[in-house]
Amino acid sequence: MANRREYEIAFVGLKPGSHEYRYEVNEQFFKDRGYTEILPISAQVKLTLDKHNGFMILKFEIGGKTTANCDRCGNLLQLDLWDDFNMVVKLVENPDEMNNQEDDPDIWYISRNDSHIDVSGWIYEFVLLSMPMQRMCKDDENGNSGCNPDVIKKLEEMEKQNRDSNTNLIWKDLEKFKKN
Ligand SMILES: [Zn+2]
């Protein structure tokens, strides 16, 4: 886990106002943090830190690409990452207590004595959150499914078999019922 410091911002020395940071993360970033099932990913994170007296606003803008398997046919898909997230970081006397009490997930407390803030946890979370929920092959211009036709045929056959065996079971139950 080389370069952990890369994600630590020494905010104490910063002037009030806006500061910009850029990060590039790939699947290794996630693997290093225990997420081993991740597919290839290339994400760019633009972080704007707005420093005020006693608090900071962190805006994370996520872009990039990832791959995922289609939910229907399993084909590998290219997906765009695109979203942004805001965090308010407040400097207080009792950060642990305040974090325990806080219900708003966009507010985080740190100690007034802190000089650095580690943004890797937020990058991890926000990049994953910016993945599209819908992971399906796109239809072509004629509205036909872009899914792998062999897989779809197989799925339809399996569905039909399921239906047929269910019908058989119903008949069997009816037979039993008549015999009784
Ligand atoms: Zn598909």
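The legends below describe several views of one predicted model.

**View 1. The whole chain and its order of elements.** The protein has four helices and seven strands, where helices (H or I, at least four residues) and strands (E, at least two) are DSSP runs numbered from the N terminus. Read along the sequence, these elements follow the pattern β-β-α-β-β-β-α-β-β-α-α. The C-alpha trace spans about 85 × 45 × 30 Å along its principal axes. The radius of gyration is 25 Å, whereas a compact globule of 180 residues would have one near 16 Å; this radius is taken over C-alpha atoms, and the globule rule is 2.2 Å times the number of residues to the power 0.38. Residues are numbered from 1 along each chain as its sequence is written. In this predicted model local features need pLDDT of at least 70 and side-chain atom pairs count only at pLDDT 80 or more, while totals for chains, interfaces and linings use all residues, and side-chain values use heavy atoms, with hydrogens and water left out.

**View 2. The largest nonpolar core.** A nonpolar core is a set of buried Ala, Val, Leu, Ile, Met, Phe, Trp, Tyr and Cys residues joined through side-chain atoms within 4.5 Å, and buried means under 20% relative accessible area, exposed over 50%, and partly exposed in between (1.4 Å probe, protein chains only). The largest such core has 31 residues, and those with the most contacts inside it include Leu 58, Phe 60 and Trp 122. Among the elements that each supply at least two residues of this core are strand E4 (55–69), strand E5 (76–92) and helix H3 (120–129). A second, separate core of seven residues includes Cys 73, Leu 77, Cys 137 and Cys 147.

**View 3. The surroundings of Val 127.** Val 127 is one of the residues with the most contacts inside the largest core. Leaving aside residues up to four places away in sequence, Val 127 touches Val 25, Phe 30, Ile 41, Ala 43, Val 45, Ile 62 and Leu 81, a contact being heavy atoms within 4.5 Å.

**View 4. Met 98 in helix H2.** Met 98 is found in helix H2 (residues 95–101) and is partly exposed, with a relative accessible area of 23%. Not counting residues up to four places away in sequence, Met 98 touches Val 92 and Tyr 109. Met 98 and Tyr 109 are 11 residues apart in sequence and 6.6 Å apart in space, C-alpha to C-alpha.

**View 5. Asn 168 in helix H4.** Asn 168 has its place in helix H4 (residues 149–179), where this residue is partly exposed, with a relative accessible area of 47%. Between Asn 168 and Arg 72 there are 27 Å in space, C-alpha to C-alpha, and the two are 96 residues apart in sequence.
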